[in-house]
Amino acid sequence: MEKDVVGQYYTQYADTVMKAAWHFCGSSHTAQDCAQEAFLRLLQEEPMPDSKVLPWLLCTAVNLAKDYHRRHERSRTVALEEAIDMPTDNDELLAERAAQRAMLSLPEKYRLPLLLNLVQGYTIEQTAKILGKGANTTGSLIRRGKNLFAKAYEKECV
């Protein structure tokens, strides 16, 4: 893909891709790395329709973040820059970690629609377009995902 085109996509989608990656790895620095790696990989791809670029970037960045999370999930160390951004209130930290674990426990088909709709603030119609699904299907995935998330979060908090 052309460098200029990827640069335009970067300007348009970088924040969205980085935020999605963050929800899978929990680290802003790692999320930035995953997002940048996704855009670098986009450079190596054949041109694709504009409607396919954001879903491809999200999928690639999320997979990179999941790989990172799997490799480092047992690690107890945190970079100093990450520690500065961490909540200082222990209850707040525990709730944030429980929410992150609950989100990671959801099946993939619910996780991405939830992130796009609830966290990124996309409407159901926008989320459906990004995912290449119908609005009714996307709404159902979000509704079911919310229910699964609530149950998973409750288990994490016990």
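Lysine 66 counts as buried because its relative accessibility is 17%; buried means under 20% relative accessible area, exposed over 50%, and partly exposed in between, with a 1.4 Å probe and protein chains only. The model is predicted: local features need pLDDT of at least 70, side-chain atom pairs count only at pLDDT 80 or more, and totals for chains, interfaces and linings use all residues. Residues are numbered from 1 along each chain as its sequence is written, and side-chain values use heavy atoms, with hydrogens and water left out.

Lysine 66 sits in helix H3 (residues 50-72). Helices (H or I, at least four residues) are DSSP runs, numbered from the N terminus. Beyond its neighbours within four places in sequence, lysine 66 is in contact with Phe24, Glu108 and Arg111. Contact means heavy atoms within 4.5 Å. Histidine 23 is 43 residues away along the chain, with 9.4 Å between its C-alpha atom and that of lysine 66.

Now to another pair of helices. The axes of H6 (residues 108-119) and H7 come within 9 Å and cross at roughly 135 degrees. H6 is therefore oblique to H7. Angles under 35 degrees count as roughly parallel, over 145 as roughly antiparallel, 65 to 115 as roughly perpendicular, and the rest as oblique. Axes are lines fitted to C-alpha atoms, for helices over the stretch in contact, and angles run from 0 to 180 degrees between N-to-C directions.

Leu112, Pro113, Leu116 and Asn117 in H6 meet Ile124, Thr127, Ile130 and Leu131 in H7.

Threonine 127 belongs to H7 (residues 124-131). It counts as buried because its relative accessibility is 0%. Leaving aside neighbours within four places in sequence, threonine 127 touches Pro113, Leu116, Asn117, Tyr122 and Thr138.

Conventions: Helix = DSSP H or I, 4+ residues; strand = E, 2+ residues; numbered from the N terminus.
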